[in-house]
Every structure is written in C-alpha cells, then in structure tokens.
Amino acid sequence: MKQLVMLTTLALATVACGPSVRPLVEARHYREAVCAANDGVEPALVRSALARDSAIAVHAQRVNHGQLDALEARLPGDPPVSVSLLRIDAQSNALPLDGLELEVSVAGRSSGVIARPATFERFVELTRERLPPHHTTLSWWNEANSLRGLAALATGGLSLLFAPFRQEAVSIPPSAYELARAAPRATALLALTNGAGCRAHVDGVRGARCRWYWLVVAAPDAEVELTLSARASADRTERRRDEDRCSLTVRAEVSLGPARRLGATLDRMFDGRALPLVELTRAP
C-alpha cells in the first residue's frame, strides 16, 4: 500500500512539473496544440511541428517585361536604381485548424531599398504619368441627405419641412477608362499582376495558396530580404473571458542578395520549382 502511494505521488509530481504538447502534436491535434503554445507551453516544439506538417512551399521569380526594363531609365542626375517586380507563390498543406494565413514581405537588409506591394499607384510613381483630377459635380447622393433621410424616417417626414433634401457638390474619382488613358504604361504594368490573392482550404481543415507581387526599387548593390510567415489559429474549446481564439506564427527570413542580381539569384535558388520553406532558409 505504501509503495502504491509513493508511485501515485511520483506520477502526480511528474505531471506537476509541466504539461507537454508532444502527444497533441504527434496525434495532429493542432487546435489544442496551438492553444497550449499560445499559453506558453512548448511553443518552439509546436512551431517546429507546424513548419513540418504544413509543408509550406515557396517559389519566387523576377517578372521580365520590356516595360519594367524601361523603368530603370532615370532622369539626368538621378542615382542609378534597380527595378524588379517579384512574383511570389506559396502554398501549404491543409491542417486541422480554424485558420491558417500566409503573409509575405520584401524589405532591405541594408539602406537604399524601397519594397512595396505592387499597385497602380506605385507604378504611376515610377512611370511619372499624370493622373486626371477628381471631378466635382452636384448630386442628390451625399452624406447630408443621408442624415436628412434618417431624420425623415424618425419623424414621419416632418423634418423635411425644415431640412429638405438638397444637391451638394461631391468629388468623383476618375473612371478606370480615364486612368488607363492618362497612364497607359502604369496600366500595362498593372496587368502583369493578375492572379494576386489567397485561397483557403475549408471543410474542417485550413491551408492556403497565395500569390503576391512586390515592387522593389533599390540601389543596385543594396541587399534584399524576403520574409514569409504562417499564422495558425484555433478557437478555444472552452471559452475564456480574455480571448476566444489563440494563435501561433511561424516565420522564416531568406536573403535574396543584391538588388541588381535579383533575377539571377531567384533563378538559381528555385531553378523553376517550389522549395520547402525549411530548405529555402538553408539555400545559399
């Protein structure tokens, strides 16, 4: 009897030393494992397992186009720059989670790098095309009339005796046709970024397939770096007052070398295929 009590006490003391998420990870119970890691229980172990089982694969390349090459021609006196449009694709396995979001960013490891998501406005900054101004016109559709309409509903229309609907000047942005006509080069560059966005797996599991376009303008020898992160989230099985959802982020940083060799570096690094994230972080 005394031996049984000693064994029970030892077992309780072992449990008291701290819970482990290893059984949860081995059984792929990622909802519970992410919440445990969110609360500080072996987050490194859960991150490592997430990186392995999500099997995130990445591919990046420099988009080649004559319009992009023309952007490197600067005005006299401007410092030389390297201009690159990067297309970055990533996808993951589906895991038993309530959310799995992939994000990517490009930045400089040194000064002299401006990297931003490729948008029409960013292309216009480089092409230096002049956009048409907003139009000003009179319209019944304005904020003041919306408030007058609410007041009329509340008063059965009596408020309109004192505050009738009025036309007011509103600012209307230029149409897509006007923008394309004023900035044909930026419009052509924007067409190169079709297909951007993320699609998620559903039906009880979560994963993602994403494509991003980043515009990198940098001094030729400035170092560029790519960062990819995966944010796994899970709803708690037992609701708590402080938070109902927990999350854990896996992040990897990859050096892409100097801006002037971005295309050659990406071609050598990926060689036409997607790379597992773990392998990518070890690429030279």
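The structure holds one cavity of 30 Å³ or more. This is a predicted model, in which local features need pLDDT of at least 70, side-chain atom pairs count only at pLDDT 80 or more, and totals for chains, interfaces and linings use all residues. Residues are numbered from 1 along each chain as its sequence is written, and side-chain values use heavy atoms, with hydrogens and water left out.

To view the largest cavity, select L50, S54, I56, L95, L100, A230, A232 and V250, which line it. A cavity is a set of points, on a 1 Å grid over the protein atoms alone, where a 1.4 Å probe fits but cannot get out; lining residues have an atom within 4 Å of a point. Its volume is about 40 Å³, counted as the space filled by probe spheres set on the points, which are joined across faces, edges and corners. Helix α4 and strand β9 (223-235) each give two or more residues to this lining; helices (H or I, at least four residues) and strands (E, at least two) are DSSP runs, numbered from the N terminus.

Next, select α3 (residues 30-38) together with α4 (residues 43-54). Y30, A33, V34 and A37 in α3 meet P43, V46, A49, L50, R52 and D53 in α4, where contact means heavy atoms within 4.5 Å.

Finally, select D89, A90, Q91, R209 and C210, the closest to the centre of the largest pocket among its 14 lining residues. A pocket is an open set with protein on both sides within 12 Å along at least five of seven lines. About 170 Å³ of space lies in this one.

Terms used:
Axes are lines fitted to C-alpha atoms, for helices over the stretch in contact, and angles run from 0 to 180 degrees between N-to-C directions.
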